[in-house]
Amino acid sequence: MKTTFVVPDDLEPARRADDATAVGDVIPPHNKRCFGCGPDAMQGLHLQAIAGEGLTATAVLEVERRFAGGPGVIHGGILASAFDEMMGLTNMLMGTIAVTAVLDVDYAAPIQVGTSLRMDARVLGLRGRKVYSEVVAYDAATPGDPLAGGHGLFVVVDPVDHFTRANARP
Ligand SMILES: CCCCC/C=C\C/C=C\C/C=C\C/C=C\CCCC(=O)SCCNC(=O)CCNC(=O)[C@H](O)C(C)(C)COP(=O)(O)OP(=O)(O)OC[C@H]1O[C@@H](n2cnc3c(N)ncnc32)[C@H](O)[C@@H]1OP(=O)(O)O
């Protein structure tokens, strides 16, 4: 892939929280109405990310017709949403809440409607409050070269403070 996103080469190691979702279990939705993972988001992606070892998680997105952009292929914004959510959920294994500051998507190949898209996400490391994460996506039926990849720079926030202020805006 050809991303230009720069991951610092001197990241601090990130640590899995002692009470993080057990390996093999679904990371619980952080908000029932979240477009990415919420069960009550009628038009949402309904992603179920399975926690892996360390700071990793995997999910499969069934690329439904309602996710189309160009004829027969996934909308780029839908893929970006899925990547954002996958990295955000994986970050939660650290026991912190981090919001997206920068999202980078490498659309390496068209992804057809009907694809079962496997997404593998992991936390790469930290720099103070900054969390660097990545995700790679494959065709689950015919694994081979990645179809797309993503990177994110997330910033750890106090969720009550962050979302209270976000909702207080006039
Ligand atoms: C009412 C009660 C509610 C309770 C809720 C409970 C739980 C909620 C749960 C979870 C939700 C979150 C995540 C869950 C998982 C998945 C969902 C996906 C995540 C998202 O979809 S989330 C939506 C989109 N997201 C936003 O809505 C963010 C809007 N934004 C801001 O809220 C601020 O912008 C913020 C907080 C990002 C930073 O603000 P800030 O003031 O806290 O910090 P500051 O600016 O100092 O940045 C600190 C360091 O990050 C560097 N930095 C910042 N921005 C950068 C950029 N763009 N490029 C390069 N570097 C950047 C600085 O350069 C500095 O770096 P350094 O430390 O080296 O100087």
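1. Start with a term. A residue is exposed when its relative accessible area is over 50%, and buried when that area is under 20%. Residues in between are partly exposed. Arg129 has a relative accessibility of 53%, so Arg129 counts as exposed. Keep in mind throughout that this is a predicted model.

2. Where is Arg129 found? Arg129 sits in the loop between β4 (116–127) and β5. Arg129 is in contact with Phe154, Val155, Val156 and Val157, leaving aside its neighbours within four places in sequence. Ala98 is 31 residues from Arg129 in sequence, and their C-alpha atoms are 8.5 Å apart in space. Arg129 is also listed among the closest residues to the ligand.

3. Now the ligand. It is surrounded by 20 residues. The closest are Asp84, Thr100, Arg129, Lys130 and His162. By class, the shell holds 11 nonpolar, 5 polar and 4 charged residues.

4. In the side chain of Asp84, an N or O atom is 2.7 Å from an oxygen atom of the ligand. For Lys130, a polar side-chain atom lies 2.8 Å from an oxygen atom of the ligand. Thr100 uses its backbone: an N or O atom there lies 3.0 Å from a nitrogen atom of the ligand. On its own the ligand has 1400 Å² of accessible area, and the protein covers 51% of this.

5. Which elements give two or more residues to the shell around the ligand? They are α1 (76–91), β3 (97–107), β6 (148–157) and α2 (159–168). The most comes from β3, with 6 residues.

6. An unreviewed UniProt entry lists residues 72–139 as "domain: Thioesterase". In the model, the chain over residues 72–139 is 24% helix and 49% strand.

7. Look next at Asn91. This residue lies in helix α1. Is Asn91 buried or exposed? Its relative accessible area is 1%, so Asn91 is buried. Not counting residues up to four places away in sequence, Asn91 touches Thr96, Ala98, Val123, Val131, Ser133 and Phe154.

8. Glu134 is buried because its relative accessible area is 17%, and the cut-off for buried is under 20%. The side chain of Glu134 makes a polar contact with the side chain of His151, at 3.4 Å. Beyond its neighbours within four places in sequence, Glu134 is in contact with Met87, Asp120, Ala121, Arg122, Leu124, Gly150 and His151.

9. Asp120 is one of those partners of Glu134. Its place is in strand β4. At 23% relative accessibility, Asp120 counts as partly exposed. Which side chain makes a polar contact with the side chain of Asp120? It is that of Thr58, at 3.1 Å. Leaving aside neighbours within four places in sequence, the contacts of Asp120 are Ala57, Thr58, Glu134, Val135, Val136 and Tyr138. Asp120 and Val136 are 16 residues apart in sequence, yet their C-alpha atoms are 5.4 Å apart in space.

10. Turn to the segment before β1, where Ile27 has its place. Ile27 counts as buried because its relative accessibility is 4%. Ile27 touches Thr21, Ala49, Ala51, Ala57, Leu89, Thr90 and Leu93, not counting residues up to four places away in sequence. Val157 is 130 residues from Ile27 in sequence and 19 Å away in space, C-alpha to C-alpha.

11. One backbone angle to inspect belongs to His46. This residue is in the segment before β1 (50–51). Most residues other than glycine have a negative phi. The phi of His46 is near 55°, a positive value. Is His46 buried or partly exposed? His46 counts as partly exposed, because its relative accessibility is 34%.

How values were computed
Residues are numbered from 1 along each chain as its sequence is written. This is a predicted model: local features need pLDDT of at least 70, side-chain atom pairs count only at pLDDT 80 or more; totals for chains, interfaces and linings use all residues. Side-chain values use heavy atoms; hydrogens and water are left out. Helices (H or I, at least four residues) and strands (E, at least two) are DSSP runs, numbered from the N terminus. Buried means under 20% relative accessible area, exposed over 50%, partly exposed in between (1.4 Å probe, protein chains only). UniProt positions are given in the numbering used here, feature names are shortened, and annotations may be inferred rather than shown by experiment. A polar contact is a pair of N or O atoms within 3.5 Å; within protein, one must be able to donate a hydrogen and the other to accept it, and residues adjacent in sequence count only if both atoms are side-chain atoms. Contact means heavy atoms within 4.5 Å. A residue is near a molecule or strand if one of its heavy atoms lies within 4 Å of it. Accessible areas come from the Shrake-Rupley method with a 1.4 Å probe; for residues, only the protein chains shown count as cover. Ala, Val, Leu, Ile, Met, Phe, Trp, Tyr, Cys and Pro count as nonpolar, Asp, Glu, Lys and Arg as charged, and the others, Gly among them, as polar.
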